Every structure is written in structure tokens, then in C-alpha cells.
Amino acid sequence: MQTIDAQIQNALHQASPEAAIRDVKHAVARELQSLDPKTEIKATDYFNHTFIPDFVLTWGSGGQRPSRDVYLRFSVDAPLIQRDLKSLHEESPAFIAIAGGDSTRESESAAREYDDCLLSSTSTLESISRENSRTPVTQMLKASLLQGGRGYLVGDSAAEVHRAVSSADAALSRLDESEVAASVRAMNDHLSPAFSSRIERVMQVMWISQGGDAANFPGTREMVTSLSSGELGQILPFLLSLEDVTNEDFWRNLGENLALGHLQDLLHWQCSRNLDLLINANLDRLNARAAAVDPIQPNLFDELDGPPRWEVVDSHLHLRCGDVDFKFVDDRRKIAHRTELGIAPRWYEIERRLDRYGVEGIEFTSPGSKTRIRSSTTEGLRESMDMQALSEALGEFARVMAVELRWPSSRHNIEVDFDRFAVESVGSSVSLHILAYLGLDLLHRASPNSLRAFQEFVTADGKFPWWVDRSGRLGVPPV
């Protein structure tokens, strides 16, 4: 494939000025998109204009999205670029050279005077975007350049940033102090503080996770071994918007202080591989008081036979498993209004499924009566009464409204409400995957294959041991 500079030169040699401008802007837009695929790029109708940008870049969603103007110039060398910097610097734009040129001290000096602006070239951006590693710091650096890049990024300075992009993650894994220090310097020199500080904090976490001594991290900011709750709130949207970071250990180390509230603060976040990994890597840290279970009304493009996936909708964390949706809440009152949403099963329809758990109580109805039975011992109903006699007494017309269960080898009591189609903790909050598993098993009455697929999803095919076996050790849940 041709280099970006060759594409631009070919475009400029066309006979039609309109075609030349169109093809130049298409080539540059593709390069910008390659550097940060999450960028929304809008081309204007102008080219190399004095004060109207060639592109407007936008990130995120919502009403107040960050944006940056991009001006294409044949060169970013002094003295021509000084006029642009003086007249346009207030919006902190980026000026991108589309023709080759050597770095000069005059241009570098001009950039330092207006250090919120970015001066670079298409060839520089191309060399950085071609680093295709999906490791965390590499992706964060690449995605930050367009939005937070600053200064004169040509020549030696461009080589420093390129080196950081290509080697930072490997240097962290080796605990290579000199190489990590070089990456930190490049970040601080060529990214705005908001971006460089976030990346350095993630680098600190990675350094510690590799066994590095906090005192030896060659950074410029105070060393803290884990991200605080406030830092997580600031950094998560940025990390989740990266291309897939398939390093489970990274997400695990990142989430030491992760809580359900951080996910709710995302407001709206579509399902993604990064969100799946973040949540699944930290399920022992993520608890909820209840989960509402609802059938999904599929639209034309829904893949109901696809793998489970997490998403955030209206500040609530959801899990979609086939044709069923779980909404997790941190307060049971948020779903207290639900009633008569499900059809209470007959006793014999769920009796065998209940054998997998410790039954603490049962609420059932039969024609003309409604009764709740609770265990009189700490061993559960099976030890305190004759379950076979109970089954025969209930008969085929009795329907179970709710059951209180003890999760195997734990102190967690959980109520499964068949009338309200909800799973709720009794007492303290419970891990998300336990609530979801009980909802799938007892409310949705999923097949053994579906239950196993759910287990494989939340454990990343066995990489995370989130299930408790009967000996109290982490293992496999009842199936």
C-alpha cells in the first residue's frame, strides 16, 4: 500500500483541482481515523483556508463533546506557521503538514510559545498509527495524540513519541526504568496534562502489577499503588473507548477499587469487548442488591443466539443473555414496583432445580390459600422437614411465588421472586454473576448448555475462578 505522502502527491497531480482536494482530504481522513478509530471526523468544504479548518474532530457522546479543529498546511515550518499560531491558537487546533519537510529550531520555538497547539505531519502520524499493538499504553498514547497532542511533533520529537508508542508496554513488563522514563518524558512533552496524567497513572498500576517497587517507578507524579475511586471515574470512559485490550490481567489490576457505581456513572455505554473484560475480571468486587429479569423484545438486528454481553443503559448495568435481560440495582426499592410479571411455576416444575441449592424458605399459593414456610434450623428446609411429604402435600395445583436460597458453601441468602421476576439478596449485596446465574436457572429455566455458556463467558473461558464449590474453594457451581 502507498504511503500517505505518496497518496497525497498523486492526488495533487490530478488535472482537476476539485478532485485533487477531495482525494487529499480522503487520504488524510483515513490516516486520522487509523490513529484513533473512535474519532468522529467531519470534513469542511474548505482546503488550506486561512481561518476555516479542513476537519473538525469530535469524541464521545452527549451534548458537550470535546472537539478539535484540524488545519492542513503544505508545511508547518516557520515563518509561515507563526501567522497561523498567532491568529488561531485560542482554540488549541492541530496543524498538519501534507508535504515533507525537515524540523527547524524556529518552528519548534514557535510551537513552544503556543504549546496547546499541535504541529505535526501526515508522515509522522502514519508512522505512529502503524504501531498496531493492542496493549493498553500503546492504545492510550495513539488515541490521545489527536485530542490531547501538543507542541512540535516532527523530526526528533516525533521519533521520541513513536518510541514511546512502540515500546512502553514492553518496557513496563520488563520493569525497564530508563525506557519507561523516556516514555513518560515523551508523554509530558507532547500531551496535555489531562491526558499524560491519566496514562501515567495507568502505567503506575501496570508497574506495580508486574512486581515493581513503587519507589522505583520513574514518573513525575505521586505514586499510588491503585487507582482511586475518583481516578477510575475519570479514566474508565477513556479506556473503554479504546480498541479491544485483550489483556485480562490489565483489567484485573485496574479494577482494585471498582464498584457498581463506577459503571452506573457511565450513563450509557454500548456493549464492547473492553466492558466485558473489565466487569468479568472484577466480579468478586462488583456486588448488587438485586437484579430484575426481563425477556428481550428482539428487533431485526438482535443476535439472540450470540454470547452474553454487558452494557450500561440509563445509568443501570445490564447483562444480556440470549433472549433475557438482567438489570442490576444497588437498592431493592428501585425494582419494588414490579408485580405480576412472571407466571409462578408449579412446585414439580422447579423442585429438581431447587435441589442444587440450600432451600431456606418457600412461599407458595394453592387454591384458596397462601403460605410461607421457613426453615427452623440453620441447616435449611431439607434438614428441618420432609421435603417429599411437602411435595406431595403441595400437589400439582400449588404454585411457588418465591424461594429463599442459600448459595452453596457461602453465607449468602438470596430470594428468587417468581411473581416479580427478580432475584434479590437477603442482607448484604451479592456478586453480579451469582444473581444472574440464579435468574437464568430458576426464572428463565435455562438449559445446562446455556448455563455452561454463561459460566464460560464470565470466567473468560476459565481464566477467572469465580465459582464456589461445596468445599468452600473456588471452583465450579452446581449444574
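**View 1. Pairing of strands β8 and β16 in the predicted model.** Alanine 290 lies across from glutamate 424 of β16. Strand β8, which spans residues 290-295, and β16 are antiparallel and are joined by 3 bridges. Strand β16 (residues 422-426) has 4 of its 5 residues buried, so the rest of the structure largely encloses this strand.

**View 2. The hairpin of β15 and β16.** Strand β15 (residues 413-417) runs antiparallel to β16, with 5 bridges joining the two. Within this pairing, isoleucine 414 is placed opposite serine 425 of β16. The hairpin has 4 residues between its strands, and phenylalanine 421 in the turn adopts a positive phi of about 50 degrees.

**View 3. An open sheet of 6 strands.** The strand order is β1-β2-β3-β4-β5-β6, and the pairing is mixed. Because β1 (40-43) and β6 (151-152) stand at the edges with a single partner strand each, one side of each is left without a neighbour in the sheet.

**View 4. The largest nonpolar core and a second, separate core.** The largest nonpolar core holds 116 residues, among which Trp251, Leu254, Trp310, Phe326 and Phe328 touch the most other members. Helix α17 (residues 432-443) gives the most to this core, contributing 9 residues. Leaving aside residues up to four places away in sequence, tryptophan 251 is in contact with Leu239, Leu240, Val245, Asn274, Leu277, Leu278, Ala281 and Asn282. The second core is separate and comprises 14 residues, including Val76, Ile81, Ala111 and Tyr152.

Key: Residues are numbered from 1 along each chain as its sequence is written. This is a predicted model: local features need pLDDT of at least 70, side-chain atom pairs count only at pLDDT 80 or more; totals for chains, interfaces and linings use all residues. Side-chain values use heavy atoms; hydrogens and water are left out. Two strands pair if DSSP finds at least two bridges between them. A nonpolar core is a set of buried Ala, Val, Leu, Ile, Met, Phe, Trp, Tyr and Cys residues joined through side-chain atoms within 4.5 Å. Buried means under 20% relative accessible area, exposed over 50%, partly exposed in between (1.4 Å probe, protein chains only). Contact means heavy atoms within 4.5 Å.
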